[in-house]
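Visitor: Please take a close look at one part of this model, the sheet and the helices around it. I would like a connected account of how the pieces are arranged.

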Amino acid sequence: MSSSPTLMSAEAPPEVLYETPALPRILEGIRPHGPMSLDEHVEVHGALPVERRRRRRAESPLIGEVERAGLLGRGGAGFPTATKLRAVAEARRQAVVVINAAEGEPASRKDRTLCESLPHLVLDGGQLAARAVGAGEVMVCVCESARASLESIALAIEQRARMSGPEVRMQLVAVPGRYVAGQENALVNHLNGGPALPTFTPPMAFEQGVRRRPTLINNAETLAHMALIARHGSEWFRQLGTPGQPGSALITLSGPVADPGVYEIEHGASLASLIDAAGGATARVRAVLLGGYGGTWIAGGHLHRLLLSDEHLEPYGASLGAGVVLLLSEHACPVAESARVARWLAGESAGQCGPCLNGLDALATTVEAIAGGVAEADAPQRIARLTKLVRRRGACGHPDGADNFITSAMETFAAEFAEHARYGPCETCAAPRELPLSTQGIA
Amino acid sequence: MSHRLRVNPIACEAHGMCAELLPERIALDEWGYPLITDDSIDRSLLDHARRAAQACPTFALLVERRVEAKPGRSSVKRAPPSGDSPAVTIPP
Amino acid sequence: MSVTLATAGSSTYWYLTRSTGAVALLLLTIAIALGVLDVRRFSTPRWPRFIVDTLHRNVSLLAMVFLVLHIITSVLDSFAPISLIDVFVPFVGSYRPFWLGLGAVSFDLLLAVTITSLLRQRMGYRSWRAIHWLTYASWPIALLHGLGTGSDVKSSWLLILSIVCIAIVLVAVLARAISGLPEHLRGSGVAIGAAGVFSLFLLLWLPGGPLGSEWARRSGTPTSLLGHSSTTTTTSAGH
C-alpha cells in the first residue's frame, strides 16, 4: 500500500503517467468528453456479472462480498454498505433502490462526473443492488440543473433497455439542487411527492421509504464501487486503501492548483501527492477544507503531513466526507470566506426546525459582525454557545455541519478572526471569493 | 430509565407548554424551543411527561418506551401519546 | 298567566331548553375567546400557557355538555314538535324549520370538532387542525339559531347576552385575523370581511326580523301553536 501518487485525473489527456497500475479503477477508460457507451463500458469492465444463489431464499452473495470488501458509503456518512443492503434485503415488502446523485454540495463534482461520463458503471451498481435486495425498480436521482448528467443517464437507461430488456425498471428523477435535498429522508420525501426536505425519523428509509416500501439509498459512487466489487471481488478491492477504509475514492479537488477537478485516489494517499497530480499549487495554500461545507478546516502548516483517510484525519477532527478537498489560497481572506459560507449555510436551512433556522442565522450574523469589525466583545463566546445550542436539535445533520464548519474556522483562523474583530476588514476581504457556492462553480 | 423523551423538531412550533409542565427535564432556549437537559424518564416522572406530551398542540413532544436495540432496526419503539382524554384533568 | 300555568309540566323543559341554550352560547363564546388567546400564545406568570390551553379545552367540553342538555330538553319538551331526527338533520322539522335547522347544522359542526379533538392522538395534526377551523363557522350559525328560534328574543336578558357574546367574538376574530398578518394576508382579509358583513347583516335583519312583529308566525311556528306562543310572548315581554 503506497502513499505515493497513484492517481488518475478525470480530465487529463490519455497519456498521463501511472505510478502503479492499480489505479484508475472507477475512472478507467473515461473519455475526455462525453459518456462511455454501453459497448465501451463492457469492453473496459466486462459484462454485468450473473448472480448465482445456492437457494432461492438465501442471501445474495453480493452482500457478503461487499461486506468482506468493507465498502463504506461515499455520500458523506460513511455507513457500511453491506449493513444497509442486508437491512433492506431482510424486509418483508419488496424494496425500492434509489441512486443518490443529487450532489447538493457545491464543492463536489464527483457524482456529476460519474453520471456524465460513466453512467453505465453507476447503473450497473444500481441493477446489482436491486438484485441483491429483491427490488423491482431503481430510481436515479440527479440534480435538476445538471443537464449533461440528466441526458447521459437518460440515454444510458435507454441503451440498456434496448440491449437486453430490463430486469429491473430504471427511472430517472430530477431533484431540486438545494443543499439538503440530497439527504436521504429529503430524497424519499421528494420521491413520495412531497417537498425535498428532511423528515422526522423513525421510520427510516430502509424500513419505510418510497411508497412506504423498504428503500435502499446509495450514493452513485458507492454503487460504482459495488459494480467493480461484483466483477473483481472483495480481495481485489482491499488491495488499495487502508484496512479501515479500503479501496479507492473519488475526490473533488478545487482551489489554487493547475488542474482542479475530480481525481481517483486510494484511501490513505497523501494530500501532497494529490496536489502534485493536479499540476501543483499555483499559490501558497493557506488552509484546506475537507469534507465540504459541513466539514473541517485544517491549517496550511499541516498540509504536507496529511494523508487522505478518515483514520489519519481523525486527530484533526476532520473526515473525507463526500470526498471534497477545497484549498484556500493566501489571496483569499478566510474570515470573509467563512462569513459568506456561514450565511449561505443559514440560507440553505430547510427552515423546518426552530433551532436550526434561528441558530444558523444568529451564527452567520455574528461571524459577519466579526468579519466587519463590528462585533461585540463577547462574540466568540456567543458563537461557542450558539454552536452548542444547534447541535443535534434539527431533524437532519445540517446544523451540526454548520457548527463543524464555523467552529473549525474560528479555531484554524483564530489569529485572523481576532484581527478582524479589532480592526475590521483586511485588504484581501475585497478580493473575489474563492469558495464556490453555486452548484456550477468549480473552477 | 423506562422511557425516553424526544422532540420532533419539525412539528415543534415553540408553544412552550412542555417546559411549563415538565421543568425537571425541559427548558426553553432563547427562541422558545425546547432544550431537553436529560432525556431519561423514570416511573416517577412518567405521568408528568405524558401530560406534557398531551398538552403539546402539535404533538411534537414524544414519550417513548426504550427497547433493546436490534441491528438494522430503529432502536426505540415509539409509543403513541397517552390515550387519556385531553380535558379530563381540571387545573388545580 | 293562567295559560302558562296550565302547561306547567312541559314549560319546565321549555325554560330549561332556553336557559341551557343561552348558557351554551355563552360558553361557546368564551371557548372561542380562550382559543384565540391560546393560539396567540397569551401567557402571564399567573396564567401560564398550559392553563390557558386546558381552560380552553375544558370550557369547550362544558359548552358541549350544556348544548346536549339544551338538545335533550328541547326534544323532551312537548310544546314544540322537535324530534330526534331534527337534532342532527337540518331543515326537516315542523317547528320553525329553517331556524331550528341552523341549530342542527351548528351542532353537527361542533360534534365533528369535539370528536376529532377527543381523538386527537389518533389522527394527524393537519387533519385535526382543518376540522377545528369549523368552530368559527359554528358560532354565527348558533347565534342565528338562537335569535331565530328562541321565543325570548325581545326580552332584555337575551338581547344583552347576545350583544355581549357578539362583541367578544368580534374582538376574538379580529385578534386572530391580525395575528395572521402579514403572511396570510388573504385569509386575514377574508376573516375580517366576513365579520364585518355578519355584523352588518345583524344590524339590518334584527329590527325587522326577530325584534319585529309576528316573528313567531313568520319564522315558521306551526299555526296550532301560534295562539299559545303569542300569549307567552306577551308574558315574557312584560318582564
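Guide: This is a predicted model. Chain A has an open sheet of 4 strands, arranged in the order S4-S3-S2-S5 with parallel pairing. Strand S4 (169-175) and strand S5 (215-219) of chain A are the edge strands, each pairing on one side only. From one strand to the next, the twist averages 20 degrees.

Within this sheet, strand S2 (residues 96-101) of chain A pairs with strand S3 (residues 137-143) of chain A in the parallel sense, over 5 bridges. In that pairing, Val97(A) stands opposite Val138(A) in S3(A). In general, the strands of a sheet pair through backbone hydrogen bonds, in either a parallel or an antiparallel manner.

Helix H5(A) lies across S2, S3, S4 and S5 of chain A. Relative to S2(A), H5(A) runs at about 155 degrees; angles over 145 count as roughly antiparallel.

H5 (residues 119-133) of chain A also has a helical neighbour: its axis and that of helix H3 (residues 81-89) of chain A come within 8 Å. The two axes cross at roughly 50 degrees, and H3(A) and H5(A) are therefore oblique to each other. On the H3(A) side, the contact involves Leu85(A), Val88(A) and Ala89(A); these meet Ala129(A), Ala132(A) and Val133(A) in H5(A). By class, the contact of H3(A) with H5(A) has 6 nonpolar residues, no polar residues and no charged residues.

Taken together, H5(A) lies across the strands of the sheet and also meets H3(A).

How values were computed:
Residues are numbered from 1 along each chain as its sequence is written. Chains are lettered from A and ligands numbered from 1 in the order in which they are written. This is a predicted model: local features need pLDDT of at least 70, side-chain atom pairs count only at pLDDT 80 or more; totals for chains, interfaces and linings use all residues. Axes are lines fitted to C-alpha atoms, for helices over the stretch in contact, and angles run from 0 to 180 degrees between N-to-C directions. Helices (H or I, at least four residues) and strands (E, at least two) are DSSP runs, numbered from the N terminus. Angles under 35 degrees count as roughly parallel, over 145 as roughly antiparallel, 65 to 115 as roughly perpendicular and the rest as oblique. Two residues are in contact if their C-beta atoms, placed from the backbone, lie within 7 Å. Ala, Val, Leu, Ile, Met, Phe, Trp, Tyr, Cys and Pro count as nonpolar, Asp, Glu, Lys and Arg as charged, and the others, Gly among them, as polar. Two strands pair if DSSP finds at least two bridges between them.
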